[in-house]
Amino acid sequence: MCSGSIVSRELRFSRSMVFAVEEINNNSELLPGIRLGYQIYDSCVSVPVVTHIAFQLSNGQDPVFYKGSNCSQSGVVLAAVGDSSSTTSICMSRIMGPFNIPLVSHLATCACLSDKQQHPTFFRTIPSDQFQADALAKLVKHFGWTWIGAVRSDSDYGNYGMKSFLAAAQREGICVEYSVSFYRTDPRSKMQRVADVIRRSTAMVVVAFTSSADISILLEELALQPPPPRQWIGSEGWITDPQFSSCTGAFGVSIQQSVIPGLREFLLDLSPSEVAVSSVLTEFWEDAFNCTLTKVADPKKRACDGTEDIYSLQNPYTDTSQLRITNMVYKAVYAIAHAIHKAACQETNLTTQCDRNIRLDSKQVLSKLMKVNFSRNGYPVSFDANGDPVAFYELVNWQKSESGVIELVTVGYYDASLPKGQEFHINRNITWMDGSTQVPVSVCSVSCPPGTHKVLQKGKPICCYDCIPCPEGEISNTTDSPDCFLCPSELWPNAQRDACFPKPVEFLSYDEVLAIILAAFSVSGACLAIITAAIFFHHRTTPIVRANNSELSFLLLFSLTLCFLCSLTFIGAPSDWSCMLRHTAFGITFVLCISCVLGKTVVVLMAFKATLPGSNVMKWFGPLQQRLTVVLFTFIQVGICTVWLLLSPPYPMKNVSTYKEKIILECALGSAVGFWAVLGYIGLLAVFCFVLAVLARKLPDNFNEAKLITFSMLIFCAVWLTFIPAYVSSPGKLTVAVEIFAILASSFGLILCIFAPKCFIILFQPEKNSKKHLMNKN
């Protein structure tokens with residue numbers, strides 16, 4: 001035995017093992033006719049001591065049963081239960097593994113022990129720390145903590161456990177501000193450095209993967225200069241220890257509570273006479289009651305007189321209200337018993353027969369141990385391929401009851417056997433370290449709201465970032481979005497940039513002031529042309545009307561009326577018919593108009609030539625030829641428009657490229673060649689007409705129209721020459737407005753320059769509307 005005080009909890013573990021063995025030996029269904037024996041060793045949590053024990057168990061020479069027992073295989077070890085430490089269990093497993101001796105641990109949780117290449121004979125009834133690490137990471141993630149601190153025991157338990165936790169935390173997107181290790185035997189200076197790291201940190205949550213003895217030293221050091229409130233998240237290694245009941249609000253995972261019928265009575269069934277025969281129980285008794293059972297007098301202790309009442313004793317040995325690890329010991333003994341049962345017994349429909357003389361070896365027990373699957377007191381026992389049980393943890397929280405007592409409360413569970421996403425469950429309110437039920441916040445950066453995206457801060461972990469508004473045209477509709485994304489082409493972000501809404505559709509509508517003004521001018525121009533035609537018709541017999549080819553004048557006024565009215569087709573939402581009509585009607589009516597003007601210009605020239613002696617030129621350009629000329633020129637434009645409409649006609653389209661924030665409804669040209677051919681033909685006729693008008697402008701007749709046509713065509717050409725760059729550069733609905741303006745300006749130019757002077761004479765200077773005045777030469 002080791003010197004020093006025996007930990008009461010470890011004594012309870014050993015006594016629970018004895019209880020389980022005796023319970024099995026008295027069981028008529030499990031190993032009937034076969035009795036189990038045992039030998040208990042104290043490892044003192046020391047690798048050298050454990051090494052010595054492991055070699056003793058492996059060589060099979062030491063007695064392992066009680067004296068006087070009827071044992072068929074004295075000295076042969078079939079399996080071992082232990083140890084309570086991962087480090088010592090690793091040592092034992094490496095020594096006993098080559099001898100095929102199963103080692104079933106109740107408390108060694110290091111994930112490294114699941115490696116069957118390194119530890120082929122190791123089993124455990126307590127889950128691996130890999131599952132605990134996953135549970136802790138999911139717990140941290142559940143409460144939205146992305147910025148935490150981590151402390152661990154500088155031991156196999158702490159180092160391997162924290163390694164698994166950090167990997168799980170990384171998978172969950174959790175950042176660790178610091179990760180420090182310490183051990184209870186470290187010098188005070190190191191404990192101070194660890195405490196200072198915690199004090200200076202900004203993480204409000206600390207995950208501690210430590211043993212009870214280690215964390216108690218750290219908490220004592222922190223208490224000297226208390227840091228800001230920290231929320232402690234504990235591993236099963238310390239969170240259920242009653243000495244931390246003062247840590248109200250501490251939260252963590254623990255082994256499931258259990259009930260072992262009859263165990264409490266067995267533990268308390270001790271008398272001074274029974275205690276005196278066991279050195280282990282003697283030391284426990286003397287420490288618990290501060291008395292001595294030995295004959296050597298100790299001035300500091302009284303002699304034990306038999307009045308000591310173990311039932312009133314309050315210490316970890318007698319406390320069976322929270323049986324957790326104790327049940328792991330109990331299940332480990334039963335697992336070995338079931339393995340031996342499978343190897344030594346045969347079951348029939350009615351009875352179970354065991355061969356008490358069978359010579360078993362540890363290898364046989366090992367093979368059967370892999371296959372055990374049973375329940376005891378409602379708790380299942382089985383092992384996976386790695387020798388680990390199904391992981392089930394309780395989520396526990398130190399809370400103050402209504403009576404003011406600090407007690408450990410189960411608030412949920414983690415069951416690794418459930419489908420992914422359903423393992424973690426909380427069913428009660430949690431009290432946090434600050435005494436409230438409000439979940440503390442522990443983040444490096446606050447969450448980015450919708451409409452922004454995360455941009456990592458240079459040189460810092462991924463949990464530290466800035467929230468940057470989404471660029472123009474992009475949105476984010478989730479919290480902590482890593483990126484913004486573009487809205488579809490017909491949608492645009494709202495002001496908050498967290499949702500896409502349909503873009504406003506824009507076109508030159510009759511509801512707009514600009515459209516109303518243009519429409520008013522269009523109708524006014526058409527009315528003006530009709531009124532002019534009415535005046536000419538009423539005075540059709542007067543010299544001024546007859547002298548200027550009244551037939552072409554009426555046709556010109558008709559075409560101008562159409563020119564004014566065709567501008568109305570450019571207003572309103574584009575449609576298939578309006579897109580085709582507006583361009584073709586514009587092209588044809590303007591050619592008709594220019595053809596009439598051209599005809600009138602040619603008539604002036606021909607009329608002057610006809611006055612020369614011996615000239616009969618007018619017979620070659622009489623009324624029939626004039627009509628044919630107008631029809632021919634117009635037919636050519638009709639042909640161009642027909643080819644355009646057949647091959648690639650204009651069509652309505654949604655322009656989403658000119659403006660990012662709105663849609664322009666417009667007419668696509670279909671074929672740009674067709675559009676510019678129409679304009680080019682109009683321009684060609686206009687230039688030709690302008691040249692002829694310039695040539696005829698100084699002819700001597702008082703009613704010579706050439707001067708008026710020259711001015712009208714000068715205006716017409718100027719308007720359309722400025723129209724081209726304006727049309728190309730005008731965005732959106734202004735393109736349509738420019739086109740309408742060009743149509744109206746050129747139409748008004750023609751009607752005002754050609755017909756306004758004549759109407760003025762007809763209405764206000766009738767004395768000039770005479771044949772005599774007409775025949776006067778300048």
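Two strands count as paired if DSSP finds at least two bridges between them. The views below show a predicted model.

**View 1. Strands β1 and β2 run parallel and are joined by two bridges.** Strand β2 covers residues 103–105. Alanine 80 has leucine 103 of β2 as its bridge partner.

**View 2. Three strands form an open sheet in the order β1-β2-β3.** The pairing in this sheet is parallel. The edges are taken by β1 (80–81) and β3 (122–124), and each has a single partner strand, so one side of each is left without a neighbour in the sheet.

**View 3. Helix α7 spans residues 212–224.** The helix has 13 residues. From its first C-alpha to its last, α7 reaches 19 Å, close to the 18 Å expected at 1.5 Å a residue. Its buried residues are Ser212, Asp214, Ile215, Ser216, Leu218, Glu221 and Leu222. An α-helix has 3.6 residues a turn, so residues three or four places apart point the same way.

**View 4. Several strands and a helix cover the buried residues of α7.** The strands include β4 (147–153), β5 (175–182), β6 (205–209) and β7 (231–234). Helix α6 (188–200) is also part of this cover.

**View 5. Serine 216 is a residue of helix α7.** Serine 216 counts as buried because its relative accessibility is 13%, and the cut-off for buried is under 20%. A polar atom of the serine 216 side chain lies 2.8 Å from the backbone oxygen of alanine 213. Leaving aside neighbours within four places in sequence, serine 216 is in contact with Gln243 and Phe244.

Methods. Residues numbered from 1 in each chain as written. Predicted model: local features only at pLDDT ≥ 70, side-chain atom pairs only at ≥ 80, totals over all residues. Heavy atoms only, no water. Helix = DSSP H or I, 4+ residues; strand = E, 2+ residues; numbered from the N terminus. Expected span 1.5 Å × (residues − 1). Buried < 20%, exposed > 50% of the residue type's maximum accessible area, 1.4 Å probe, protein only. Contact = heavy atoms within 4.5 Å. Polar contact = N/O pair within 3.5 Å; in protein donor to acceptor, adjacent residues only side chain to side chain.
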